[in-house]
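Here are my notes on the model you sent over. Have it open while you go through them.

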Amino acid sequence: CTSICMWVRAMHAYHLVCLVVAPKRAQLAEAQAQLDATMKQLNNAQTRLKEVESKIERLEAELDAAVRKKDDLEKKAKECQSRLERAGKLIGGLGGERARWNDTIAELTRNIEHVVGDVAIAAGAIAYAGPFTPPYRKKLND
């Protein structure tokens, strides 16, 4: 009979413990369910965060490429502008040369009309001064 009494007392203690533990188990299950839902939301948020970060990295890379391209284009534009300025100066300088060349052509055209007479005078001077000594010829030319 002692054994049965001990068993009944143990069952009573078990019953009293179960009355205390059962609500706590329910609370644990509810808290675990909330934790699982929150962890799922966290994982979804982390996935979205990774996607956004990768998109930001891609956009930053595109921005860097666009900035480099813009800088290259600005540099090429400055080079083209300086080339245009130098070309304008060269053309302007050559415009003045054209006028000088036209004057030279006109002078040479006039001189070619007198070539025959100049050659005749030069030939006569050489024929006249030919027999003289070099120092005397030099005095004649001075």
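The points below cover confidence, salt bridges and aromatic pairs.

1. **Ground rules.** This is a predicted model, where local features need pLDDT of at least 70, side-chain atom pairs count only at pLDDT 80 or more, and totals for chains, interfaces and linings use all residues. Residues are numbered from 1 along each chain as its sequence is written, and side-chain values use heavy atoms, with hydrogens and water left out.

2. **Confidence.** pLDDT is the predictor's confidence in each residue, from 0 to 100. The protein has a mean of 91, and 100% of its residues reach 70 or more. Helix 1 has the highest confidence, at 93, while helix 3 (residues 134-141) has the lowest, at a mean of 85. Helices here are DSSP runs (H or I, at least four residues), numbered from the N terminus.

3. **Salt bridge count.** The rule asks for a side-chain nitrogen of Lys or Arg within 4 Å of a carboxyl oxygen of Asp or Glu. That gives four salt bridges.

4. **Arg58 and Glu62.** These two form a salt bridge, with 3.1 Å between the closest N and O atoms. They sit four residues apart in helix 1 (residues 2-113), so about one helical turn separates them. Glu62 is partly exposed at 43% relative accessible area (buried is under 20%, exposed over 50%, partly exposed in between, with a 1.4 Å probe and protein chains only). Arg58 is partly exposed too, at 43%.

5. **Glu97 and Arg100.** Here the N to O distance in the salt bridge is 2.9 Å. Glu97 is partly exposed at 30%, and Arg100 is partly exposed at 45%.

6. Lys70 and Asp71 meet in a salt bridge at 3.9 Å, N to O. Lys70 is partly exposed at 43%, and Asp71 is partly exposed at 40%.

7. **Aromatics.** The whole structure holds two aromatic pairs (ring centres of Phe, Tyr or the six-membered ring of Trp within 6.5 Å; planes under 30 degrees apart are stacked, over 60 edge-to-face, the rest tilted). Tyr128 and Phe132 pair edge-to-face, 5.4 Å centre to centre with 70° between the planes. Phe132 also pairs edge-to-face with Tyr136, at 4.8 Å and 65°. Together, Tyr128, Phe132 and Tyr136 make one aromatic cluster. Tyr128 is exposed at 53%, whereas Phe132 is partly exposed at 29% and Tyr136 is partly exposed at 38%.

Methods. Helices (H or I, at least four residues) and strands (E, at least two) are DSSP runs, numbered from the N terminus.
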